Amino acid sequence: YLYPEDHEFVYLDVGCNIAEEVVWIEGQFNRSLSVSLEMQESVYRSCKKNGLEAIRHPHQQKFIPLHRAAATKVTTGKYHPKRDSSSLALDESGEGIEDSGLPTVEFTTLDLVWEEFMAPRRVDLLKVDAEGWDGWILYNGTRKLLQEQLVDHFLFEYHIKWEGKLKFFTERFYEWGYACFVLACSYLFPLSPPLWFDRMEFNGHANIFCARAGKGSRLSETHRRFYEGEGFIGTGEARKTMLDEIPGVPYKDTAKRHPTNYTGAVEDLGKLLEE
């Protein structure tokens, strides 16, 4: 609903898997460009097959599958072909480590992928699902795209192995012009300054959504309407979510029992937004 009918939707995908999102985009937009990276050869074949079969308008829709791994620089790396990409041989910066006896895959940055296949288009949505390496891939390997605000929205996974780095990454993305939110059940919960709470640095997993903020953003007015509609602004009251309705889980204890649910901080957030 954010785009006109004739809009060409541009999607950059890390962790294509079976191309589920690509198939959905090709079904929603008559004009689209999707570029998807998948490091595992067998999964890459499924990604390529499904994405190409879903194309409805061959002259207006383009799908480019790449058997590559997103990283912080161009190099070659090793991976375990029978395991998921959490077994990718990387160091904590997201760079490849040599490991004999394993298949080799080309490592590349998303900045270079954009230059090779997508420039000069803007990216409407970037999705990164790299089993824990998402933050480094975005911060080090997608810096040109994000600092120049050539991406409108991006989605990534907060991973347990980050060990307290969620605040670091969301602060950097905010400095580059992006507001980030936790996808908490059926609503978005702000993470970026000045709406950060230390309790959000939790030991678990969650999906994070970031959008280009400020003047020119497609979502700037949508954000305020969203909060007004949900009762955050003007009431300071928490809204119950699906997780709060789980039998036997007291409402006040839900955030402690389910770390991806932030209702424990919604009341404070509402007051801060009101101020």
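Salt bridges first. This is a predicted model, and the count in it comes to 12 salt bridges. Let me walk through a few.

Take Arg122 and Asp152. Their side chains meet in a salt bridge, at 2.8 Å from N to O. This pair links distant parts of the chain, 30 residues apart. Arg122 sits in the loop between helix 3 and strand 7, and Asp152 sits in strand 8. Asp152 is buried, with a relative accessible area of 5%.

Next, Arg172. Which residues does Arg172 pair with? One partner is Glu171, at 3.5 Å from N to O. Another is Glu175, where the closest N and O atoms are 3.1 Å apart. Arg172 and Glu175 both lie in helix 6, residues 166–175. They are 3 residues apart, about one turn of the helix. Now look at accessibility. Arg172 counts as buried, at 16%. Glu171 counts as partly exposed, at 25%. Glu175 counts as exposed, at 56%.

There is also a network of salt bridges. It links Asp13, Glu21 and Lys127.

On to the disulfides. How many does a search of the whole structure find? It finds 2.

One joins Cys16 to Cys47, with an S to S distance of 2.0 Å. The torsion about that S-S bond is about 90 degrees, so this disulfide is right-handed. Cys16 is in the loop between strand 1 and helix 1, while Cys47 is in helix 2. The two are 31 residues apart, so look for a link between distant parts of the chain. Cys16 counts as buried at 1% relative accessibility, and Cys47 is buried at 0%.

Then there is Cys180 with Cys210. Their sulfur atoms are 2.1 Å apart. The torsion here is about 105 degrees, so this disulfide is right-handed. Cys180 lies in strand 9 and Cys210 in strand 11, so the pair ties together parts that are 30 residues apart in sequence. Both ends are inside: Cys180 counts as buried at 1%, and Cys210 counts as buried at 0%. Number the bonded cysteines in sequence order, and the pairing reads 1-2, 3-4.

Now the nonpolar cores. The largest has 45 residues. Which of them touch the most other members? Leu12, Phe154 and Phe173 do. Follow Phe173 on the structure. Leaving aside neighbours within four places in sequence, Phe173 is in contact with Leu138, Tyr139, Leu146, Phe154, Phe156, Tyr178, Cys180 and Cys210. A second, separate core has 10 residues, including Phe9, Ala19, Val22 and Cys47.

Helix 3 next. Its buried residues are Leu110, Asp111, Val113 and Trp114.

Last, confidence. The protein chain averages a pLDDT of 75, and 65% of the residues score at least 70. Where does pLDDT stay under 50? One stretch is residues 82–92, with 28 contacts beyond four places in sequence. Another is residues 225–264, with 77 such contacts. Where pLDDT is low, the predicted coordinates should not be read in detail.

Conventions:
Residues are numbered from 1 along each chain as its sequence is written. This is a predicted model: local features need pLDDT of at least 70, side-chain atom pairs count only at pLDDT 80 or more; totals for chains, interfaces and linings use all residues. Side-chain values use heavy atoms; hydrogens and water are left out. pLDDT is the predictor's confidence in each residue, from 0 to 100. Contact means heavy atoms within 4.5 Å. A salt bridge is a side-chain nitrogen of Lys or Arg within 4 Å of a carboxyl oxygen of Asp or Glu. Helices (H or I, at least four residues) and strands (E, at least two) are DSSP runs, numbered from the N terminus. Buried means under 20% relative accessible area, exposed over 50%, partly exposed in between (1.4 Å probe, protein chains only). A nonpolar core is a set of buried Ala, Val, Leu, Ile, Met, Phe, Trp, Tyr and Cys residues joined through side-chain atoms within 4.5 Å. A disulfide is a pair of cysteine sulfur atoms within 2.5 Å.
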